Amino acid sequence: MAQNDTLVNGWQPVIGLEIHVQLQTNTKLFSPAKNQFGEEANTLVDLIDMGLPGVLPVLNDGAVKQGIAFGLATNAEIAKTMVFDRKNYFYPDLPKGYQITQLHYPIVKNGVVDVEGKQVRIHQAHLEEDAGKSMHDVYDSESVVDLNRSGVPLLEIVSEPDIRSAEEAVKYLKKIHQIITYLDISDGDMSQGSMRCDANVSIMRPDDKEFGIRAEIKNINSFRFVEKAINFEIKRQIKVLESGEKVEQETRLYDSIKDETRSMRTKEFANDYRYFPCPDLVPHEISEELVKEIKDNLSELPEEKQKRLMETYNLNEYDAGVLCADKSTADFFEEVAKEADVELAAKWIIGDLNALLNKNDISLKESKVNAVNFSKLIQNISNNTISGKIAKDVLDEVWQSGEDVAKIIEGQGMQQISDEGELEKIIDKILAENTSQVEAYKSGKDKLFGFFVGQVMKATEGKANPGLVNKLLKNKILG
């Protein structure tokens with residue numbers, strides 16, 4: 001995307017993202033408490049998560065390995081020595097009064113991600129613990145805190161200010177989502193907070209030498225909201241500057257209902273947090289042997305998977321790219337392709353199944369369609385048990401109920417009609433009822449052939465074998 005394409009009313013947006021990724025470890029970053037979403041409040045809490053004195057943190061090696069894997073996948077530098085710091089601030093959902101994080105010596109730095117040909121640099125990715133969750137809507141006059149999330153391991157991925165539009169920001173965010181899910185270090189579920197994003201937004205004139213003053217929009221939890229929040233903030237800052245006022249460096253909240261950002265607090269600086277090395281955790285050495293071991297066992301990344309699908313299944317680049325857009329879809333395709341026609345499977349996943357997912361705004365994992373059942377659907381299409389039209393009805397039924405494909409077809413009598421004698425009787429009746437159209441077709445109006453096919457499909461409720469119908473119709477009309 002050329003720079004001029006990203007100007008808004010003559011202003012150049014400059015965007016950097018801080019993405020918080022919840023890592024998929026069994027236990028929390030510094031405690032043995034279970035790391036799991038959705039449990040009853042305050043049931044997954046260890047002494048250290050409650051901030052009780054005299055309890056020492058123990059680093060989770062699994063989180064370290066996942067951080068290294070991300071660094072390797074983004075061609076980043078892996079630290080030989082990383083240090084944990086205390087970030088001090090007081091908030092009800094942070095009982096210790098500080099968060100253990102990494103400021104000067106993160107686990108990963110200087111990475112890069114290719115976003116449709118544009119290189120977006122990663123300044124660093126660091127490990128840190130999550131805070132608890134304040135809840136203000138449980139009781140009428142009181143707020144309460146759930147500490148289940150306190151201490152959950154996060155990888156905060158900080159980009160350089162290389163992004164120039166809300167559209168680019170979403171593409172970059174989706175790329176990071178793709179990488180972490182392919183690495184299987186996070187489920188990336190934004191609705192559950194497994195991945196959330198802070199967006200730093202400023203604007204400048206194209207010939208300015210320095211970036212403008214930025215505002216940070218906190219905790220945005222969907223791709224769509226990221227785009228809307230950034231676009232609102234760009235327009236707001238343009239309005240502020242063009243009215244002769246100054247943009248404040250501050251933290252803002254995105255209100256998705258009103259589709260606007262509004263001020264939360266004046267932006268803190270690093271000094272406000274009084275960072276210092278955590279005295280309870282010594283500097284952590286990362287050996288070359290460990291990095292090599294993780295590199296040798298690194299999961300297949302999106303580009304590698306796309307290339308393999310093209311080679312293994314003879315898919316074109318576009319189809320392989322769509323299937324590999326997320327790991328669950330690519331895995332689903334490979335499972336279906338074990339038993340079903342590959343080309344037909346790809347066509348139906350990319351087409352009808354994706355349309356249902358998009359229409360209902362859910363992921364494949366959340367749907368009732370599983371690979372085994374979908375494979376049966378494709379097999380029934382390819383062996384002519386059902387027509388393509390009927391297959392759409394079967395897929396709709398599977399989507400609604402999750403019912404077995406074979407049971408749906410048999411139970412509802414959806415089998416395709418391929419009996420020539422039966423079809424000939426239907427065709428004869430239709431031709432007898434439409435003699436003028438037959439004569440018109442014979443006189444050169446070729447488009448009328450579709451009319452006859454449609455009449456046959458209507459008479460058979462879509463169950464007629466289309467190929468056979470075409471053949472019989474031509475024989476009957478043209479002799």
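Is Ile 477 buried or exposed, going by its relative accessible area? Ile 477 is buried, with a relative accessible area of 5%; here buried stands for under 20% relative accessible area, exposed for over 50%, and partly exposed for anything in between, using a 1.4 Å probe and protein chains only.

## Before we start

This is a predicted model, in which local features need pLDDT of at least 70 and side-chain atom pairs count only at pLDDT 80 or more, while totals for chains, interfaces and linings use all residues. Residues are numbered from 1 along each chain as its sequence is written, and side-chain values use heavy atoms, with hydrogens and water left out.

## The chain as a whole

The secondary structure comes to 15 helices and 16 strands, where helices (H or I, at least four residues) and strands (E, at least two) are DSSP runs numbered from the N terminus. The radius of gyration is 29 Å, well over the 23 Å that the globule rule gives for 479 residues, so the chain is more spread out than a compact globule. That radius is taken over C-alpha atoms, and the rule is 2.2 Å times the number of residues to the power 0.38. Along its principal axes, the C-alpha trace spans about 90 × 55 × 55 Å.

Buried residues make up 48% of the 479 residues. Of the contacts (heavy atoms within 4.5 Å) between residues at least 6 apart in sequence, 67% join residues at least 24 apart. The chain exposes about 24700 Å², with carbon and sulfur atoms supplying 47% of it; the areas come from the Shrake-Rupley method with a 1.4 Å probe, and for residues only the protein chains shown count as cover.

## Two nonpolar cores

A nonpolar core is a set of buried Ala, Val, Leu, Ile, Met, Phe, Trp, Tyr and Cys residues joined through side-chain atoms within 4.5 Å. The largest one has 66 residues, and those with the most contacts inside it are Leu 17, Ile 68, Phe 70, Ile 157, Tyr 172 and Ile 176. Helix α2 (residues 166-182) gives the most to this core, with eight residues. A second, separate core of 40 residues includes Leu 323, Val 336, Ala 346 and Ile 350.

## Residues on helices

Back to Ile 477, which sits in helix α15 (residues 466-478). Setting aside neighbours within four places in sequence, its partners are Leu 431, Val 438, Tyr 441, Lys 442 and Phe 452. Ile 477 and Val 453 are 24 residues apart in sequence and 12 Å apart in space, C-alpha to C-alpha.

Asn 354 belongs to helix α8 (residues 342-360) and counts as buried at 17% relative accessibility. Not counting residues up to four places away in sequence, Asn 354 touches Val 322 and Ile 349. Met 310, in helix α5 (residues 302-313), is partly exposed at 28% relative accessibility.

## Two loop residues with positive phi

Most residues other than glycine have a negative phi. Asp 184, in the loop between α2 and β11 (195-204), has a positive phi of about 60°. Asp 361 lies in the loop between α8 and α9 (371-382), with a positive phi near 50°. At 68% relative accessibility, Asp 361 counts as exposed.
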